[in-house]
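These are my notebook entries on a single structure. I set down what I looked up, topic by topic.

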Amino acid sequence: MAAGGPLPADQLNKENTVLTGQLLECPICLEQMRSPKSLPCLHSFCEECLSTYIFADLSGDMAAMTAFPCPVCRKITSPVNHPESIDTWAQHFPANSLIQYFKNHKEMAGTPLYCGPCKKTKNKETPAKFLCRGYDTLFCDNCKINFHDIVHEVCAIVTLNEANHDVTWEKQSPITCSKHNLMMDHHCENHKLIGCKKCIITDHQRCDDVTTIKEYCETKKNNLRLDDMDKSLNKAANCMKLMVNAFDQQVKSLQRCQNAGLSSISDHRQRINTYLDKKQEEITQEMISKCKAEKAKVDLSKQKCSRLRVAIQNTKEASQTALRMEDHFGMIQLFHRGQTEIGVCNDLIDNIVNPLKSVSINHDLNTNLFTINPSTTLPLGIILAKEQPFIIPDGIGLIQNVDSLSDSRAKKLGAFMINIPSDTYVCAAHGLLLMPTGNIIVSEYTKQKLRLFSIKGQYLDELNTNGYPHDVCLVDDDTMAVATTAGIHVVKVQPSKLTLSTVIKVSTYIECQGLAFMDGHFMVSTNEGIHSVTMDGKVVQNHTLSSPCWHLASNPKKNTTFACLQTSSVVNTVVTRLPNGLQIYGIDERVVRNAKGVDVDREGNVYVCGQDSNNVVQVSANGTKIRELLTSKDGINKPRAISVCGDKFVVTNLSYQTEIHVYQLY
């Protein structure tokens with residue numbers, strides 16, 4: 001979504017017409033929306049089309065359902081008023097004010113413009129060609145020369161094309177809040193909602209990230225997140241196109257199978273007596289029925305992909321045009337809609353492509369049937385449906401979503417052992433760090449070493465720590481530190497080399513375990529508390545802990561440190577956020593048992609390793625959403641340490657030896 005400067009009037013009008021058409025097109029009937037209704041996922045439809053769709057979707061076996069999927073993104077949507085009849089659900093959804101605005105404007109766009117003086121003096125409707133900006137009056141060719149150019153010599157007059165009357169983005173009136181009737185000019189990132197000033201004060205006062213819509217859009221442009229969204233939407237649209245093509249080929253293949261089967265049945269029918277007419281009819285119907293059933297499955301999958309492809313393409317093109325027009329309200333709505341559609345694209349790939357089978361239906365004949373025996377009732381063969389793995393076309397893959405790590409899933413990229421050929425016993429990893437360069441550093445406890453690996457598991461270097469190493473942390477892009485029984489070791493990290501920079505000695509009564517770096521100093525955890533350690537070794541105790549803490553993580557953007565506590569009771573807290581007291585993060589032993597590793601991603605989401613519960617849990621930045629990202633079903637076994645960098649993270653995994661598992665969030 002590259003930013004652009006002012007556009008010529010004709011190009012602006014053209015792009016505005018395209019965007020207006022995209023926004024006004026109903027995804028169900030593919031015509032201009034009538035009485036547009038908007039679902040919570042921001043997709044809009046004709047009220048009549050939506051009502052018909054809801055009634056059809058919840059008929060038959062689905063009649064008892066109390067919600068329905070969006071026709072485009074398949075997101076489950078609850079009605080505004082459950083007790084109402086299904087026939088009236090659609091009319092209770094809110095109208096999309098932006099779409100209604102463009103609908104009204106488009107209906108008025110064809111109104112002809114006439115010369116003002118001619119209409120007043122001659123009562124004659126002469127088509128206007130010029131606009132006087134000074135008096136906001138329209139003139140024809142004759143009145144311009146004989147009246148305007150004489151009386152209004154100093155006025156600026158332009159042609160109607162130059163006046164750009166049809167550019168609705170610049171003439172658009174502010175979108176107002178339906179609740180408070182104030183201009184909607186603020187955006188809450190925590191709830192991903194747009195509201196007026198009063199909405200923000202009353203409903204979002206405690207939210208961390210509230211800005212004006214202009215500031216939000218400028219941030220997205222400056223951080224290139226809009227460019228990333230454009231690339232992701234383009235990839236998603238290409239994936240849907242390839243899937244639609246693959247389904248077309250499958251339908252053609254099924255059609256060829258059906259034709260070949262029917263031809264085989266007809267040929268064989270000619271070799272036997274007419275008394276087999278009934279048998280022929282039965283088996284013919286079986287062939288058609290099976291093919292019809294399989295085609296219906298393929299057509300349903302194709303319909304889902306086709307609808308999503310059109311929606312993604314419209315979102316992509318509308319986003320590009322909204323960016324050029326600097327329509328901040330539209331940009332935010334389209335950005336959130338793009339996030340939803342990319343998530344649905346990944347769901348379709350997971351739920352449709354991966355379990356999908358390529359079905360071949362054939363007419364199977366026994367060679368003995370070619371000889372007719374009048375004393376034997378001859379069958380006409382059987383219909384065989386053979387399933388084979390569906391061949392996924394090149395180019396179809398999961399799409400990286402934008403600004404949505406809290407809703408992402410984890411895809412395993414690889415795994416490797418931390419033992420090297422010279423080791424004579426099993427190594428134990430207590431700390432783990434994924435560097436911005438992609439290299440991985442492991443603190444190996446038993447041999448008192450730091451080991452450097454590539455992202456693919458290639459052993460590169462190691463460094464003696466002269467003390468048992470525990471937690472590790474990032475200091476800057478090429479510097480890390482490790483907490484040891486001999487103090488804090490600061491290490492320079494080169495592409496294939498580890499070099500000790502300095503050793504920070506601390507008091508002997510402080511046994512360093514967890515380690516984090518923030519604001520020029522280290523945060524160190526012990527069995528009793530959290531301490532602040534300066535670069536010259538000065539120690540100040542910040543907090544007293546009731547449970548041992550083996551790992552720390554810091555979020556420099558929020559100036560907060562996260563402590564992962566080893567608890568034994570379900571009433572005790574596992575994750576706490578510092579320094580504003582010990583703020584409970586709502587996660588306990590019922591979710592994570594024997595918590596160890598902890599880290600924070602770029603959005604502030606917290607990741608915790610449950611060593612005894614064999615899981616990795618993700619906690620949202622505001623602490624309200626907790627979910628298991630990985631479990632034992634994903635091969636997780638006694639995870640000890642975790643490190644997140646960008647959209648990738650690494651976890652220690654204990655099988656018969658310590659492994660490092662590499663994952664990507666998507």
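Is aspartate 647 buried or exposed? I find it buried, at 19% relative accessibility, where buried means under 20% relative accessible area, exposed over 50% and partly exposed in between, with a 1.4 Å probe and protein chains only.

**Basis of the entries.** I am working with a predicted model, in which local features need pLDDT of at least 70 and side-chain atom pairs count only at pLDDT 80 or more, while totals for chains, interfaces and linings use all residues. Residues are numbered from 1 along each chain as its sequence is written, and side-chain values use heavy atoms, with hydrogens and water left out.

**Confidence.** I looked up pLDDT, the predictor's confidence in each residue from 0 to 100. The chain average is 80, and 80% of the residues score at least 70. Over residues 1-15 the pLDDT is below 50, and this stretch has 28 contacts in the model beyond near neighbours in sequence, a contact being heavy atoms within 4.5 Å. Residues 580-584 also have a pLDDT below 50, with nine contacts beyond near neighbours in sequence.

**Salt bridges.** I counted a salt bridge where a side-chain nitrogen of Lys or Arg is within 4 Å of a carboxyl oxygen of Asp or Glu. The structure holds 14 of them. Aspartate 647 meets lysine 648 in one, at 3.9 Å from N to O; lysine 648 is partly exposed, with a relative accessible area of 29%.

I then turned to lysine 447 and aspartate 423, whose closest N and O atoms are 3.1 Å apart. Lysine 447 is partly exposed at 25%, whereas aspartate 423 is buried at 13%.

Glutamate 462 and lysine 449 form another salt bridge, 3.1 Å from N to O. Glutamate 462 belongs to strand S17 (residues 459-464) and lysine 449 to S16, so parts 13 residues apart in sequence are tied together. I note glutamate 462 as partly exposed at 22% and lysine 449 as buried at 12%. Both pairs belong to a network of salt bridges that links Asp423, Lys447, Lys449, Arg451 and Glu462.

**Nonpolar cores.** I took a core as a set of buried Ala, Val, Leu, Ile, Met, Phe, Trp, Tyr and Cys residues joined through side-chain atoms within 4.5 Å. The largest has 59 residues, and Leu39, Leu50, Ile54, Phe68, Met240, Leu308 and Ile312 have the most contacts inside it. Elements supplying at least two residues each include strand S2 (44-46), helix H2 (47-57), helix H11 (225-269) and helix H12 (277-325). H11 gives the largest share, twelve residues. Leucine 39 touches Phe45, Leu50, Phe68, Cys70, Pro71, Thr77 and Phe93, not counting residues up to four places away in sequence. A second, separate core of 14 residues includes Val490, Ile504, Val506 and Phe522.

**Strand S27.** Which way do the residues of S27 point? Thr560, Phe562 and Cys564 point one way and Thr561, Ala563 and Leu565 the other, and all are buried. I recall that side chains in a regular strand alternate between the two faces of the sheet. Six of the six residues of S27 (residues 560-565) are buried, so the strand is largely enclosed by the rest of the structure. S27 pairs with strand S26 (residues 549-555) in the antiparallel sense over six bridges; strands pair if DSSP finds at least two bridges between them. Leucine 552 has alanine 563 in S27 as its bridge partner. Four residues separate the strands of this hairpin, in which asparagine 559 takes a positive phi near 55°.

**Open sheets.** Another antiparallel open sheet runs S30-S31-S32-S33. Strands S30 (595-600) and S33 (626-630) have a single partner strand each, so one side of each is left without a neighbour in the sheet.
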